[in-house]
Structure formats: structure tokens, C-alpha cells
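Dear colleague,

Please find below the structure that I am handing over to you. My findings follow it.

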Amino acid sequence: MKAARFLDPHVHMSSRTTDDYQAMAAAGIVAVIEPAFWQGQLRTRVGTFKDYFASLVGWERFRASQFGIRHYCAIGINSKEANNEPLAREVLEILPLYLCKEGVVAVGEIGFDDQTPAEERIYRAQLELAVDAKLPVMVHTPHRDKRRGTSRSMDIALEHGLKPSAVVIDHNNEETVAEVLDRGFWAGFTIYPRTKMDAARMVEIVRKFGKERVIVDSSADWGVSDPLSVVRTAELMREKGIPADVVEAVTYRNAIAAYWLDEAHWLKAAPVDQTKTYGPNTVLRGQEPRIDGAATSTAVLNPTQNRR
Ligand SMILES: [Zn+2]
């Protein structure tokens, strides 16, 4: 049996360690999408957003490549920080500069937290940016009053002319999944060790709703979370008798389709070569560099290139 491949389409790798990257690659994760998020505390100026976005398309992308993982990102203003509306409006001005960078595959994660009027205005403005940039959208749904927030997120996306097939509604549960799938949107499920969804509940959801437009992710970040939860959920699905093609769809193929990715980007990537540098920096701290094969190209790591 060939080793399974996995894609984690929602994981905040900037908050994770090199051990995580190594464990993820060893478990079969070949690519990740890192959406822009808050950092556990509110930023105070536009410059810190700029540097954060630059690191998502720059250093973090390089760092992932040094462990054999293809890194993509989504750029956007998260719902919590949308509530500082004067600052959020400054960030809106610079977003188009990042949406056209190589490796940026979506606008996200955006949407509602407390479902305030400011959150709605910033969400709407970013949907317009997604339409202009012709990018799909990753929507974060609220943890409180989830059902209403999820419905509103979809209503508003449609009002701005987005097709359901260009919108991933994330952090679903049993309460929201039927409506999201019925309306033709992608349904993401975040598998946390203890809160929100867990792997056992995910097995039941896949049994009931099938594989179409269902996506599993970890949303691992700086909190207690598990960067291997996509892999662990796949293992449990197999144990519980879910067919292999269904497991592959929800932990790999569907995310490729939802975010318009090209599998050749990781299947034909240059071998890992840890002697490479990003600017003056490397991931090395005195250890023997890992070099998997004759390195052929550094072009894929050039941060000034446009798009993917
Ligand atoms: Zn997230």
C-alpha cells in the first residue's frame, strides 16, 4: 500500500516548532495552508500586520520547505482585530499588496467573532478584495452563537457575488454542517484534542454526509492543539471502516480543489537542502544539514516572484 499523503489546510505554523514540522512530514503531511490570524493579543499598528504578512509569504514558507513541506498562506484581517476598525481600515489598504504574492492562495481567515457591526463591515470589504483578486475565501465561523453566525457568513458572501464553490466555511460542527453543504459551500472541520470537533465525531459526520466538499484541518496554533490531528483523524476513519477514497478526499484532495492548488508543486519540488538560506538566515543551529538529493533550483523560494 502506498503511503498516504495529507494536506492540512488550516494550521498556524509560525506558532509551531521545527519538531512539529518534522513530525508532520514524517506522518505524510506534504503541504499546509497558514491563514493570517491574531497572535493571542491585539496588534496596535499597521506595521506589525505588514511584517506578519511578509513573514507568512517569506520566512515561514522557506522554513517549511527546509523540512519538506510546501507552505501556502491566506492573507486577511481576522475577526477579532476587525473590531479596532480604524486600524483594520489601514490594513485593508495594504492587503492587495500581499494578495498577489507567490504562495497566497486565499483571503482568510475572515468573518465573525462577536458578530459586531465592525466585524461585518471589515468582512464585507475583504470579500470585495477576494472578488477583485479572484481568490477563494477562508471563513472563520464564531464559537458563540455559531449557527446564526455561520448562516450570516454565507448570506453575506453571496451578497458580494462569491460563488459557494469559492468559499470554505471553517470550524463547522453537527449544528452547521447540513446547511453549509446544502448551500454548496465547502465545509471545513477543525479537529482539536478536546474542544470544538474531535476525531470520533468527525467519523460520524463523514458517515452521515459523505466526502463531497468536506475538509478536515487542525487549526493548530499557539494554544493547546495538535498539528497531527488531520493524520490522526484519517487513522481513526480507516479503523472505523471509512473507505480509503473518502479518507483521502477529506484529508487531502478536497483542500487541493477548494484552494485551486497544483499537486505538482510538492510532488515535483526540489529535494530538501538545509544548506539553503533565506536572506542571511537558515534553520541550522550547528547540526549536520539534511540534504536529500542533488538540489536543482532555488527559484521556488524566491519571495519576489509573483503568485504560488
Ligand atoms: Zn485559525
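Predicted model: local features only at pLDDT ≥ 70, side-chain atom pairs only at ≥ 80, totals over all residues.

Nonpolar cores. The largest nonpolar core comprises 77 residues. Phe53, Ile75, Val91, Phe189, Met202 and Met237 have the most contacts inside it. Helix 4 (residues 85-99) supplies the largest share of this core, with 8 residues. Another core, of 19 residues, lies apart from the largest one and includes Ala74, Met138, Trp186 and Ala258. As for Val91, its contacts beyond the neighbours within four places in sequence are Val46, Phe49, Phe53 and Ile77.

Helix pair. Helix 4 packs against helix 5 (residues 117-133) at an angle of about 15°, and the axes are 11 Å apart. Because angles under 35 degrees count as roughly parallel, helix 4 is described as roughly parallel to helix 5. Their crossing is right-handed. On the side of helix 4, the contact is made by Glu85, Ala88, Arg89, Leu92, Leu95, Pro96 and Leu99; helix 5 contributes Ala118, Arg121, Ile122, Ala125, Gln126, Leu129 and Ala133. By class, this contact has 10 nonpolar, 1 polar and 3 charged residues.

Loop residue. Leu162 is located in the loop between helix 6 (146-159) and strand 6 (167-170). With a relative accessible area of 8%, Leu162 falls under the 20% cut-off and is therefore buried. Leaving out residues up to four places away in sequence, Leu162 touches Leu127, Val131, Val137, Ala157 and Val167. Between Leu162 and Leu135, 27 residues apart in sequence, the C-alpha to C-alpha distance is 9.9 Å.

Yours sincerely

Key. Residues numbered from 1 in each chain as written. Heavy atoms only, no water. Core = buried A, V, L, I, M, F, W, Y, C linked by side-chain atoms within 4.5 Å. Buried < 20%, exposed > 50% of the residue type's maximum accessible area, 1.4 Å probe, protein only. Helix = DSSP H or I, 4+ residues; strand = E, 2+ residues; numbered from the N terminus. Contact = heavy atoms within 4.5 Å. Axes fitted to C-alpha atoms, helices over the stretch in contact; angles between N-to-C directions. Parallel < 35°, antiparallel > 145°, perpendicular 65-115°, else oblique. Left-handed = near helix turned anticlockwise from the far one by under 90°. Nonpolar A, V, L, I, M, F, W, Y, C, P; charged D, E, K, R; others polar.
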